[in-house]
Every structure is written in structure tokens, then in C-alpha cells.
Amino acid sequence: MKFLKRPLVGLLLIAVSTVAMAEDKLGTRDNPVKIFFTPSVDANTIATNSTSFLKFMEKETGLYFKSGIPSNFIAVVEAFGSNRADVAVMNSFGYLLANTKFGAEAKLKALRHGKDYYAGAIYVSAKSGIKDLKDLNGKKFAFTDASSTSGYLYPLKIFKDAKVQLGNTMFAQKHDNVITMIYQGQVDAGAAFYSDAFDGKIKDARESYDSIPRR
């Protein structure tokens, strides 16, 4: 697996619904703070990480929390409009939609290994022979989600600016799904988030797949 690194940069934001946060007794056992997570990778991975996060928040705040992991990026945005979410950890474009439609406000920026931004990459198989953007003309390509900043919006603009005409395209829904499709030969390339290695370990969209033992 290799990637064509491009300056696809966004923010991971923690947004708060100004309406929901005004409710009485929010954070009690009967009315816990509802926090939604963007389904950027495997739901089990998010659920495991969120459990530790919620335990920490409950200990630090004395409030009760309940998490939700919807099936797609837009569902996180719409959760603000239906009062199913009080707080959400979301991507840049998702926040813009939530802010415009429902008045959600960004209160915090998440840090990944000390950085308050993340990047994106166009990943290709090392055996594909693809070396530059022009080599993607006519190729099968997997995007992440139509609301993903690094997995769709930025790479789409790069392709348009470079006049690259992709072949069949599809949405894999999650970043790690894009990587799996490339490894399995379902597509020639794909777009997903990228982070620099940390402590010698891959910490981007390839992390989940590369941690699976294979023969």
C-alpha cells in the first residue's frame, strides 16, 4: 500500500447543540448527555474508544453520558435537529452543516498526537503502477462518504482541478473500508484520512487493516 500525499487538511471538532444543552437536569441518569460520534472507522473500534472516553467524562464532570454511533456522517448532523444529540465529535464539513442548519457550536478541537488537524491521502496498491494523479484516469476509485472532508470533498476538488476522469466510483462509508477495498482489489485506489506514524506505528486509515494478522 502506498499513497499519493496531498494537502487535504481538516479539523475534528466537538460541537454542542445550544438548544439541547439548555434542557433542565441534563446529565442526570434519566436524562444523560447524548454524545454522537462520526462513524469514520469500524463501529466496534469507536465503541471501545468511546467507552473509555465516557467513563473519563463521567468521573471528571459528575454527569451521565450516553453515546451513539449512527450509520453515516449525515446522521450525526441530523441528530442535532431531532434532539437525539447534545454533543457530537464530527468532521469539518459535518460541523458546517450542523452549525448552518441547527445552530450547533464548536467548543473544542480534538488533538491527534498533539496536532489539531488531520490530513488526507489518495491510497493505491503498491502493485498498481499508479504513480501520479494522471494515472488514475479511468480507474476504479473508492471515496469514503459524500460528507467526508478528507475522504471525498477535498480529493474531488483535486481531481477536478487536475482534470482527472475517474472510472467507476463508489462510497465505502468508512475510511478503513476504503483501505480494505484496495487491498482486496475491488478498486484501484481510494481517498481516506492520513496521519503521520506515531511511535513507529501506522495511525491513519490503514491502522485497523494492518493490525489484522494475515498469512
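Guide: Welcome! Let's start with a term: a residue is buried under 20% relative accessible area, exposed over 50%, and partly exposed in between, using a 1.4 Å probe and protein chains only. The model above is predicted, so local features need pLDDT of at least 70 and side-chain atom pairs count only at pLDDT 80 or more, while totals for chains, interfaces and linings use all residues. Residues are numbered from 1 along each chain as its sequence is written, and side-chain values use heavy atoms, leaving out hydrogens and water.

Visitor: How many helices and strands are in the protein?

Guide: Helices (H or I, at least four residues) and strands (E, at least two) are DSSP runs, numbered from the N terminus. Here the protein has 6 helices and 10 strands. Of its 215 residues, 42% count as buried. Contacts (heavy atoms within 4.5 Å) give another view: among those between residues at least 6 apart in sequence, 76% join residues at least 24 apart.

Visitor: How do I read a core, and which residues have the most contacts inside the largest nonpolar core?

Guide: In soluble globular proteins, nonpolar side chains tend to be buried together. A nonpolar core is a set of buried Ala, Val, Leu, Ile, Met, Phe, Trp, Tyr and Cys residues joined through side-chain atoms within 4.5 Å. The largest one here has 15 residues, and Tyr123, Val178 and Ala205 have the most contacts inside it. Strand S7 (118–124), helix H5 (175–183) and strand S10 (189–194) each give two or more residues to this core. A second, separate core has 13 residues, among them Ile122, Tyr152, Phe159 and Ala189.

Visitor: Which residues does Val178 touch, not counting residues up to four places away in sequence?

Guide: Val178 touches Ala142, Phe143, Thr144, Ala172, Gly190, Ala191 and Ala192. One of these, Phe143, sits in strand S8 (residues 141–143). Phe143 is buried, with a relative accessible area of 4%. The C-alpha atoms of Phe143 and Asn177 are separated by 9.6 Å, although the two residues are 34 apart along the chain.

Visitor: Now for charges. How many salt bridges are there?

Guide: Side chains of opposite charge can pair when their charged atoms come close. The rule used is a side-chain nitrogen of Lys or Arg within 4 Å of a carboxyl oxygen of Asp or Glu, and the count comes to 6 salt bridges. One of them joins Asp86 and Lys34, whose closest N and O atoms are 3.2 Å apart. This pair links distant parts of the chain, 52 residues apart: Asp86 is in the loop between helix H2 (73–81) and strand S5 (87–90), and Lys34 is in strand S3 (residues 33–37).

Visitor: Are Asp86 and Lys34 buried or exposed?

Guide: Asp86 is buried, with a relative accessible area of 0%, and Lys34 is buried too, at 17%. Now look at another pair: Lys109 and Asp116 meet in a salt bridge at 2.9 Å, N to O. There, Lys109 is partly exposed at 45%, and Asp116 is partly exposed at 30%. Lys107 and Glu105 also form a salt bridge, with closest N and O atoms 3.1 Å apart; Lys107 is exposed at 52%, while Glu105 is partly exposed at 33%.

Visitor: Where is the kink in helix H4 centred?

Guide: A bend at a residue is the angle between axes fitted to the seven residues ending there and the seven starting there. In H4 (residues 149–161), the kink is about 25° and is centred on Pro155. Pro155 is also among the buried residues of H4, which include Tyr152, Ile158 and Phe159. At the start of H4, a side-chain oxygen of Ser148 reaches to within 2.9 Å of the backbone nitrogen of Gly151.

How values were computed:
Polar contact = N/O pair within 3.5 Å; in protein donor to acceptor, adjacent residues only side chain to side chain.
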